[in-house]
Amino acid sequence: MNSTIDGTADKAADKAAVLPADGMAERIVRHFQAEGFAGITEALILRIRLKKGDRREVEVAFETAVEEGKSLPLHDQFEVRAIGHFAESRSFAEAKAAAQSDFTVSLRHELPRVFFDPSPVLIDDPLASGTKYDAMVKLWDNVDDCAYAILLNDPDASFIDYLGAHHGGDWQQVMGDFGATASSFCPELDLV
C-alpha cells in the first residue's frame with residue numbers, strides 16, 4: 001500500500017487509494033485549522049529509508065550534484081514512500097502526479113538532514129506557491145531505521161509561526177500513537 005513519491009506506485013495502493021497513515025494526515029490538517037490556520041489544507045506523510053552510505057557519503061553526494069548542476073541523487077541514497085495523505089482540494093492520485101514539481105528541490109535537498117538529525121527538524125521553502133509544499137517537518141525521531149516527515153501545503157506560512165509558539169507540547173495529542181502506527185507498516189508493503 002506504499003507509494004514512492006516519484007510517481008511509481010504499488011498497484012494495490014492505486015486501486016485502494018488508501019494509505020496507512022491517511023487518518024494521521026487528516027488529524028494534522030484539522031489540528032492546524034482548529035488552531036486558526038485555515039491556510040493549511042494538505043499534509044503528505046513520508047517514510048524515508050536510507051539505501052546506502054552514511055551521513056557524510058550522502059551529504060557529499062547531494063552537494064556534488066548541486067555543484068555539478070545535476071539532479072539530486074535522491075533515489076540512489078533514499079527510498080521515499082508516501083504513507084499518508086490528506087487534502088481538501090485534491091486526491092492522493094493528483095498529489096502523486098504533481099510530486100515532481102510540488103515536492104520542491106529546496107525541500108528535497110534537505111532530506112539528508114531530515115533523515116540523520118534528531119527531531120524536531122523544520123525546513124521551509126519560502127518560494128513555494130500554489131500546490132507546492134511549503135514546509136517539511138520531522139516531529140519524532142527515527143523508528144526502525146526510517147525517518148518520517150510531513151510535507152505541508154501552507155501558503156500563509158502559518159506553520160512556522162505555530163511551531164515557534166508550540167514547542168512540541170501538544171504533538172502527542174495531534175499525532176496519536178505514532179509508534180504503533182509506524183510499526184504497523186508491514187514489511188511486505190515495503191516495495192524496493
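Salt bridges that share partners go on to join Arg55, Glu59, Glu110, Arg113 and Asp117 into one network.

Asp117 also forms a salt bridge with Arg55, where the closest N and O atoms are 2.7 Å apart. Because Arg55 belongs to helix α3 while Asp117 sits in the loop between α8 and β4 (121-124), this pair ties together parts of the chain that are 62 residues apart in sequence. Arg55 is itself partly exposed, with a relative accessible area of 29%.

## Helix α3: length and ends

At the start of α3, a side-chain oxygen of Asp54 comes to within 3.2 Å of the backbone nitrogen of Arg56. After the other end of the helix comes Gly69, whose phi is positive, near 70°.

Which residues of α3 are buried? They are Val58, Phe62 and Ala65, and because these buried residues fall within an arc of 60° when seen down the helix axis, they line one face of α3. On the other side of the helix, Arg56 and Glu67 are exposed.

The cover over the buried residues of α3 is drawn from several elements, which include the strands β2 (42-50) and β3 (78-87) as well as the helices α4 (74-77), α7 (105-108) and α8.

## Further charged and polar pairs

In total, the count of salt bridges comes to eleven. One of them pairs the side chains of Lys70 and Glu68, with an N to O distance of 3.1 Å. The two partners fall into separate classes of accessibility: Lys70 counts as exposed at 55%, whereas Glu68, with a relative accessible area of 48%, is partly exposed.

Strand β3 carries Glu79, which counts as buried at 7% relative accessibility. Its side chain makes a polar contact of 3.2 Å with the side chain of Arg47, and a second polar contact, of 3.5 Å, joins the side chains of Glu79 and Arg81.

## Confidence in the model

The chain averages a pLDDT of 80, and 71% of its residues score at least 70. Among the elements of the chain, helix α8 (residues 111-116) has the highest mean pLDDT, at 97, while helix α1 (residues 11-16) has the lowest, at 45.

The pLDDT is below 50 over residues 7-16, a stretch that has 14 contacts in the model beyond near neighbours in sequence. It is likewise below 50 over residues 185-192, for which the corresponding number of contacts is 17. Where pLDDT is low, the predicted coordinates should not be read in detail.

How values were computed
Residues numbered from 1 in each chain as written. Heavy atoms only, no water. pLDDT = per-residue confidence, 0-100. Helix = DSSP H or I, 4+ residues; strand = E, 2+ residues; numbered from the N terminus. Contact = heavy atoms within 4.5 Å. Buried < 20%, exposed > 50% of the residue type's maximum accessible area, 1.4 Å probe, protein only. Arc of directions from axis to C-beta. Polar contact = N/O pair within 3.5 Å; in protein donor to acceptor, adjacent residues only side chain to side chain. Salt bridge = Lys/Arg side-chain N within 4 Å of Asp/Glu carboxyl O.
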